[in-house]
Structure formats: C-alpha cells, structure tokens
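Open the model in your viewer and keep the selection panel at hand. The stops below go from the whole chain to the packing inside.

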Amino acid sequence: MGHATTLSHFLILSSSRLSRLGSRTRFLTKPTPLSGSFSPFPVTGQGFRCCCSAATEDPSPSVKKRVVSGVQPTGSIHLGNYLGAIKNWVALQDTYETLFIIVDCHAITLRYDTHKLGKATTDTAALYLACGIDVSKASVFVQSHVPAHTQLMWLLSASTPIGWLQKMTQFKEKSRKEGAEDASVALFTYPDLMTADILLYQSDFVPVGEDQKQHIELAREIAQRVNHLYGGRKWKKLGGRGGSLFKIPEPLIPQAGARVMSLTDGLSKMSKSAPSDQSRINLLDSKDLIVDKIKRCKTDSFAGLEFDNAERPECKNLLSVYQIVSGKTKEEVTEECKDMSWGTFKPLLADALIEHLSPIQARYQEIIAEPAYLDKVLSEGADRAAELGDVTMRNMHQAMGFYQRR
C-alpha cells in the first residue's frame with residue numbers, strides 16, 4: 001500500500017496511457033490490460049499536469065494536491081521504510097494535503113502475532129511523528145479505524161478481473177514463501193485493498209518505492225475501469241453528478257533512497273520479513289548495534305568506492321544511504337569516498353546513521369510516553385479521513401445502483 005523530496009520527484013506515468021492524457025481527460029474509455037510499463041517525467045511541484053478530471057474541473061489554484069501513503073505495522077520500522085518513504089513524506093506535507101496511514105489491515109494477510117499488532121500499530125504511529133510528520137499539516141490514522149477502506153475494497157473487487165491480480169509480482173513471491181495452498185485469500189486480494197486506500201481519498205499522488213510501481217499501475221487500471229463501468233452518463237442517470245468517480249493517481253518516486261537494499265545482500269530489498277536482523281538497520285537500534293551491523297555488512301574486494309558499477313550492488317547501496325543521511329549530493333559523496341577503503345568508510349557511515357537517527361529515537365521516546373496524546377492524534381486523523389472517505393462511498397453506492405438508506 002509502500003511510499004520524496006518536494007522538488008526532486010519523478011512523476012511516473014503509464015506509457016500505455018500517454019496518448020490519452022489531456023487537460024480535460026475523462027478516462028471513460030475502456031481500459032486496456034495491465035501493462036506494467038512506466039515512463040519517467042520530472043515533477044517540480046509546480047507546472048505539472050494532473051491527469052484527473054476532478055482536479056482539472058477545480059478552478060481554484062490554491063487547492064493543494066492530495067498525497068496518501070502508509071506503512072504496515074509489522075516488525076520494526078527500518079531504514080528502508082524511513083529513507084524510501086517516511087523521510088520523503090516530511091517534505092511532501094509542506095506542499096500537499098497529506099494523509100499517512102498505519103495500514104494494519106494489510107498486516108494480517110500473512111501469519112502474525114495478535115498480541116503484538118496493537119503495540120506495533122502505536123509504535124509505528126509514534127515513529128511517524130518522531131520522523132517529522134506534523135499533525136497540523138498531515139492526517140495520521142489507523143486503517144482499521146476507517147471502515148470505508150474495506151468497504152470500498154469490496155466494491156472494487158467486483159470490478160477487478162482475477163487475471164490482473166494473478167500478475168502481481170509480490171503475490172507470487174509471498175505466496176511461494178507461504179506455500180501456495182496455505183496462502184490466504186487476503187494475500188491474493190490485498191492489491192484491491194491497497195487500491196481502496198488510494199482511491200478512497202481521491203489521491204493525486206502516491207509516494208512509492210520502485211517495487212510498488214506495479215501496484216500503482218493496478219490502482220490506475222481499476223480506477224479507469226470503474227469510471228468506465230459506472231461513471232459518466234450512467235451515474236448521472238442514477239441522480240449523480242456524472243463524470244469520473246475517481247481521480248487517476250500518479251506515483252511519486254524519489255531520485256535517491258527509493259529502494260534501500262539489505263545489508264547482507266545488495267540485490268535484495270531491505271525487509272522486515274527477512275529472517276536475519278543483521279540485514280536491516282531498525283530506526284530504534286542502539287548506537288552499538290548500528291556500529292556492529294555496519295561493521296559486519298556485506299561488501300566487496302574492489303579498490304575504492306563507486307556508485308555506478310553494476311558488479312558492486314552493496315557499494316551502491318551503502319553510498320546511497322550515506323548520501324541521504326549526510327545530506328550530501330551524489331557528486332560530493334563520489335569525490336569524498338572514491339579512494340576510501342571499506343575500513344575507513346564503514347565507521348563514517350555508522351557515525352552518519354547514528355547522528356541522523358538519534359533525534360528520531362529521542363522524540364519517539366517522548367511520544368510513546370504520552371499515550372493520551374497519541375490516541376488523540378489518531379482519533380482526529382481518523383475523523384478527517386472518514387469525512388473525506390464518506391463522500392467517495394456515497395458516490396460509489398449511488399453509481400453502482402445500491403438502495404440508499406433513508
């Protein structure tokens with residue numbers, strides 16, 4: 001459901017849709033099957049086209065575009081979650097209307113510990129805030145506190161071809177690990193829930209990592225399909241306003257840090273589900289543990305350090321992490337580290353990580369010590385989300401022909 005700095009995103013559009021992107025695009029034509037292909041365009045935060053009818057019909061230039069994203073409360077939030085998503089959210093909240101979700105319904109698609117889910121949910125919320133999410137600018141809430149997420153998911157599933165879900169790479173990978181016969185139905189249909197998370201709030205953009213592009217493409221396909229099946233004149237004949245039921249969301253992918261890799265395998269994404277804790281830096285790891293993990297992380301035997309050698313994935317990953325946490329440019333890091341040995345670079349990286357994470361850890365301890373404050377934040381966030389979601393649900397029920405409660 002996975003998600004960049006305000007002025008350095010790439011706007012990723014489905015290349016199969018480019019011919020249909022106009023300033024008044026309705027997306028009521030019949031959609032083509034999932035393509036999974038994307039073409040990059042720079043986003044500056046100003047002057048870009050929002051390819052959704054609802055946005056183009058709004059004459060007010062002061063209305064902010066809306067961004068929605070979330071992280072599962074399973075395992076510990078790690079450096080990949082932070083650098084690939086949460087850190088970028090902090091920049092987004094100043095430019096966009098933002099909603100950040102703790103997606104606990106997604107957390108039950110695989111086997112989980114029921115005794116830990118609640119604590120993991122509040123820990124995740126506290127880390128959102130500790131990382132810099134400002135509740136005066138953004139709404140933070142728990143997915144299960146807004147029932148419209150699962151209600152919309154059910155409506156969307158009625159219009160989602162099974163073949164589309166069968167193509168989803170993450171389902172194939174996770175079901176293989178679970179065992180095909182033991183994989184849950186929820187694991188198969190969770191892309192519909194992720195789509196509901198996005199479409200419920202008429203999202204303009206969704207910050208995601210590279211590995212989540214396929215899910216955003218699916219959300220776009222489903223939105224177009226529902227607009228075609230139920231929107232336009234069909235909806236108007238049922239008493240609605242007509243036009244599109246959903247905006248067509250766009251993914252935002254940061255130039256750096258979009259996909260932080262494992263410390264034990266530079267070709268695998270840093271993951272909560274990896275069996276070895278050595279593979280990741282958790283945001284709440286102690287200083288000594290961070291030093292130890294960096295000291296033991298996988299490297300190579302090449303001389304010097306470089307970003308762009310395909311034979312050195314671990315080198316690229318560690319330099320990218322250092323670039324982000326140090327606040328330096330790629331060029332600055334390249335010049336600084338090109339002649340370094342791993343023995344010199346690893347302590348430098350560990351120190352930079354500790355310096356960057358220490359304020360987050362201190363703020364987290366303050367927030368988690370005030371449960372009443374956290375409860376209030378999540379309650380107010382859910383109220384705001386429910387208010388927005390109710391509009392979408394009323395329109396969907398009307399357009400799909402449901403008898404309305406009097």
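How many helices and how many strands are there in the chain? Colour by secondary structure: the chain of this predicted model has 14 helices and 7 strands. Of the 406 residues, 52% count as buried.

Now hide the surface and select Tyr82, Trp89, Tyr128 and Phe345. These residues have the most contacts inside the largest nonpolar core, which has 60 residues. In soluble globular proteins, nonpolar side chains tend to be buried together.

Return to Tyr128 and show its surroundings. Leaving aside residues up to four places away in sequence, Tyr128 touches Gly70, Val71, Ile86, Trp89, Phe100, Ile101, Ile102, Ile133 and Val140.

For the last stop, select helix H2 (residues 79–92) and helix H11 (residues 313–326). Their axes come within 12 Å and cross at roughly 55°. Because of that angle, H2 is oblique to H11. The crossing of H2 and H11 is left-handed. Which residues make the contact between H2 and H11? Show side chains for Leu79, Leu83 and Lys87 on H2, and for Val321, Ile324 and Val325 on H11; these residues make the contact.

Methods: Residues numbered from 1 in each chain as written. Predicted model: local features only at pLDDT ≥ 70, side-chain atom pairs only at ≥ 80, totals over all residues. Heavy atoms only, no water. Core = buried A, V, L, I, M, F, W, Y, C linked by side-chain atoms within 4.5 Å. Buried < 20%, exposed > 50% of the residue type's maximum accessible area, 1.4 Å probe, protein only. Contact = heavy atoms within 4.5 Å. Helix = DSSP H or I, 4+ residues; strand = E, 2+ residues; numbered from the N terminus. Axes fitted to C-alpha atoms, helices over the stretch in contact; angles between N-to-C directions. Parallel < 35°, antiparallel > 145°, perpendicular 65-115°, else oblique. Left-handed = near helix turned anticlockwise from the far one by under 90°.
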